[in-house]
Every structure is written in structure tokens, then in C-alpha cells.
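Okay, thanks for coming, everyone.

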Amino acid sequence: MYAMTVTIGPWRITGQHEIDSYVGRWVEQAVLLVNSLAVTTAHGRPTSPPRSGGQRLAAITAQLTAPVTLTAADADALAAVAVELHPMFGGVSHIHAVATQLNDLLTRYRAVPNLHGHPGRPPVLAFHRADATLVDAWVADMGTALAMVIGVGQSARLAVCQADKCSLVFFDTTRNASRRFCGLSCQNRAKASAYRARQAAR
Ligand SMILES: [Zn+2]
């Protein structure tokens, strides 16, 4: 019998590897910044985001996989951005308001398509000017990546944990955009409270 092998790849944004990996990378960066600098409830408990530039800087650098030169003032600026980015997750029901806020952010941080080049290498597409400050460049790239996800009708993938007292965000790359929780602990907590609610209803 003839059998066809179907390979189900991970969810793709545009099908173009370069653009997909760009979007994935910068949406994940936005997730890290929001979760480490702007979230006030996590895993069922109140949590305090870092308040000083030094603490914010430590929270950011703890998440980075590659060394980057950031100052405490940069960290303060990124904390303000993280607060702005938070409502862009879980914003499906008010997506036009989200789009307006995101457009405003892209303008303020001077996002612009730009081919970065080095002699002898092919140009690479980025969304900030080559002479942008690090904060401007990060915000322009994160904002553009979020805009790409929203602009292809996938805003549901910019998600907030649905468990009680958890406002952690995540990028849902499951095939059907069906992920509801930030992680196993919240999933288990939500299951347990749903069970208790059913028992109480009886
Ligand atoms: Zn959670």
C-alpha cells in the first residue's frame, strides 16, 4: 500500500525561514522583557517587578543568551517599554486599540525597514536604522515582530496565561494556537480549581 509521510513542522508565520526566525526571536525577546519587568502576578501570587535600574539590568541580563552592553538607564527605558508591551498580549478582543498603541510605539522608536550590510556578506533585513541606539533598535525590532504576528491574523498567539492570578505572557507556537497557560504549574492549578468548582456545584 502506498503510504505518504507527512511531516508536520512547527507553526510558521510567513513560510520564509529568515523572516520567521526574525519574528520568533523578537517576539520571544518581548516576552522575556514583559515577564521580567512588567508582570505583577505570576503563578497565583502577587509579584513585584524590579524597581531600580540596577535590579532591572540584572533581570534583563539574566535572560540574555548573548552578552550585550546595556546600562541601568537602558534597563529603565526597557522597563517602561515592557509596561507598554504587556497589553499587546491577550489583546484579541480589543485588537484595534492594540494596533493603534503598537503603531504609536513603532513611530516613537523610529522603526524602519533597513538592509544592514557588511562588505563581502549579503544584506540582512532589520527594522531599525544602523545608527539606532540599542533601546531604539530593540523596541523597533520587537514592535515590528509583534506587528507581523498581528498583521497575518495570528494575534491569538500573543497570549496571557489564563490561570487565576497569573499575568505572565507567552508566544503560542502550537499548531492550533491552543495553549492556555504559561507552564505546567499554572495548568495544574487551573485543573485543580476547575475540579473543586465542579465538586462544589454538585
Ligand atoms: Zn501562569
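Let me start with a term: buried means under 20% relative accessible area, exposed means over 50%, and partly exposed is in between, all with a 1.4 Å probe and protein chains only. By that rule Tyr22 is buried, because its relative accessibility is 12%. Phe127 counts as buried too, with a relative accessible area of 11%.

Before I go on, some housekeeping. This is a predicted model, so local features need pLDDT of at least 70 and side-chain atom pairs count only at pLDDT 80 or more, while totals for chains, interfaces and linings use all residues. Residues are numbered from 1 along each chain as its sequence is written, and side-chain values use heavy atoms, with hydrogens and water left out.

Back to those two rings. Tyr22 and Phe127 form an aromatic pair, 5.3 Å centre to centre with 50° between the planes, and that counts as tilted. The rule here is that rings of Phe, Tyr and Trp (its six-membered ring) pair if their centres lie within 6.5 Å; planes under 30 degrees apart are stacked, over 60 edge-to-face, and the rest tilted. Tyr22 sits in helix α1 and Phe127 in the loop between β4 and α5, so the pair ties together parts that are 105 residues apart in sequence. Helices here are DSSP runs (H or I, at least four residues), strands are E runs of at least two, and the numbering goes from the N terminus.

Now the metal. Which residues coordinate the zinc ion? Cys161, Cys166, Cys182 and Cys186 do, each through SG, at 2.3 to 2.4 Å. Donors are N, O and S atoms within 2.8 Å of the metal (3.2 Å for Na, K and Ca), and water is not among the atoms, so sites may look incomplete. The 4 donor atoms subtend angles of 103 to 114°, which makes the arrangement tetrahedral; for four donors, that label needs all angles between 85 and 135 degrees. Along the sequence, the spacing of the donor residues reads C-x4-C-x15-C-x3-C. Cys161 and Cys166 are both buried.

Last topic, pockets. On a 1 Å grid over the protein atoms alone, a pocket is an open set of points with protein on both sides within 12 Å along at least five of seven lines, and lining residues have an atom within 4 Å of a point. The largest pocket is lined by 22 residues, and Tyr22 is among those nearest its centre. Helix α1 gives the most to that lining, with 6 residues. In the second largest pocket, α1 again supplies the largest share of the lining, 5 residues.

Definitions and conventions:
On a 1 Å grid over the protein atoms alone, a cavity is a set of points where a 1.4 Å probe fits but cannot get out, and a pocket is an open set with protein on both sides within 12 Å along at least five of seven lines; lining residues have an atom within 4 Å of a point. Four donors count as tetrahedral if all angles lie between 85 and 135 degrees; four count as square planar and six as octahedral if opposite donors are over 155 degrees apart and all others between 65 and 115; anything else is irregular.
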